[in-house]
Amino acid sequence: MTEKSEITESVRERYAAAALQLTDVSSTSCCVPTDLGNGTVFGSVLYTEGENSQVPEEAFLASLGCGNPPAVADLRAGESVLDLGSGGGIDVLLSARRVGPTGFAYGLDMTDEMLTLARANAAKAGATNVEFIKGQIEAIPLADDSIDVIISNCVINLSADKNAVISEMFRVLKPGGRLGISDVVAEDQLSAEDRVARGSYTGCIAGALSNREYLEALAAAGFVDASVEYTHEVAREMHGAIVKALKPALAARI
């Protein structure tokens with residue numbers, strides 16, 4: 001296996017195991033993995049009480065992210081939304097409520113176990129404007145210029161080919177479309193070796209881009225008005241962050 005495929009497989013195995021822990025969760029058995037953080041920097045604690053009541057308990061418990069992307073993406077009625085690395089489906093279900101019956105929310109995940117959990121959660125929620133699809137975020141199985149908003153919750157840092165992810169996001173967004181992403185971002189002074197020393201790849205630390213690297217990659221793909229806003233520290237000199245950017249609108253036709 002190549003280094004990239006080994007990273008992808010280790011990520012898949014880690015999140016498949018998390019999904020299996022939650023498949024049979026009940027009110028007397030909470031099996032949320034704890035190795036991603038101490039309960040204050042990753043996971044369901046980053047959602048509001050009102051949001052928690054809008055999704056099935058299994059979707060809430062399955063949250064392993066570092067933020068709350070539906071809350072920062074400024075979703076509007078009628079929009080199409082894509083969640084990269086949708087896991088148990090919490091962000092897809094919250095997005096579906098925000099865009100309403102005239103909008104649609106897609107969830108993309110490479111892990112069969114997470115897809116099974118997410119689809120069960122969608123059925124429990126009675127959500128009809130959602131679809132969970134299998135695929136890798138480096139090769140999004142959707143058409144060009146088809147999505148209004150892309151969200152993601154602490155998943156892009158797990159990719160072994162982040163430039164491919166960012167290029168794919170640009171491709172599937174409609175002209176004028178936007179990103180509203182939560183991710184782990186390192187301060188610029190940290191080397192790749194520094195990041196490895198602070199945590200594992202599957203723990204969302206070792207593979208994180210720096211602030212400068214993120215902005216440069218977005219610009220290289222064609223995004224404009226990009227920004228990185230730190231929200232909370234998840235490891236020394238590394239932060240949960242909100243990443244935003246726009247795909248330029250087409251020039252007016254003459």
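Let me start with Asn157, which lies in the loop between strand S4 (147–153) and helix H7. Helices here are DSSP runs of H or I with at least four residues, strands are runs of E with at least two, and both are numbered from the N terminus. Asn157 is buried, because its relative accessible area is 1%; buried means under 20%, exposed over 50%, and partly exposed in between, with a 1.4 Å probe and protein chains only. Leaving out residues up to four places away in sequence, Asn157 touches Lys162, Asp183, Val184, Tyr201, Cys204, Gly207 and Ala208. A contact means heavy atoms within 4.5 Å.

Before going on, a word on the source. This is a predicted model, in which local features need pLDDT of at least 70 and side-chain atom pairs count only at pLDDT 80 or more, while totals for chains, interfaces and linings use all residues. Residues are numbered from 1 along each chain as its sequence is written, and side-chain values use heavy atoms, with hydrogens and water left out.

Now the overall picture. The protein has 9 helices and 8 strands. Of its 254 residues, 52% count as buried. Among contacts between residues at least 6 apart in sequence, 71% join residues at least 24 apart.

Next, the aromatic rings. How many aromatic pairs does a search of the whole structure find? There are 2. Rings of Phe, Tyr and Trp (its six-membered ring) pair if their centres lie within 6.5 Å; planes under 30 degrees apart count as stacked, over 60 as edge-to-face, and the rest as tilted. Phe104 and Tyr106 make a tilted pair, 4.8 Å centre to centre with 50° between the planes. Phe104 is partly exposed, because its relative accessible area is 25%. Phe170 and Phe223 make an edge-to-face pair, 5.1 Å centre to centre with 90° between the planes. This pair links distant parts of the chain: Phe170 is in helix H7 (residues 162–172), and Phe223 is in the loop between H9 and strand S7 (224–235), 53 residues apart. Phe223 is buried, since its relative accessible area is 5%. The ring of Phe170 also has the charged end of Lys247 over it, 4.8 Å from its centre. That label requires NZ of Lys or CZ of Arg within 6 Å of the ring centre and within 35 degrees of the ring normal.

On to helix H9 (residues 211–221), where Leu215 lies. Is Leu215 buried or partly exposed? It counts as partly exposed, because its relative accessibility is 29%. Leu215 touches Ala226, Ser227 and Val228, again not counting residues up to four places away in sequence.

Last, helix H5 (residues 90–99). H5 is largely enclosed by the rest of the structure, because 8 of its 10 residues are buried. Those buried residues are Ile90, Asp91, Val92, Leu93, Leu94, Ser95, Ala96 and Val99. After H5 comes Gly100, with a positive phi near 75°.
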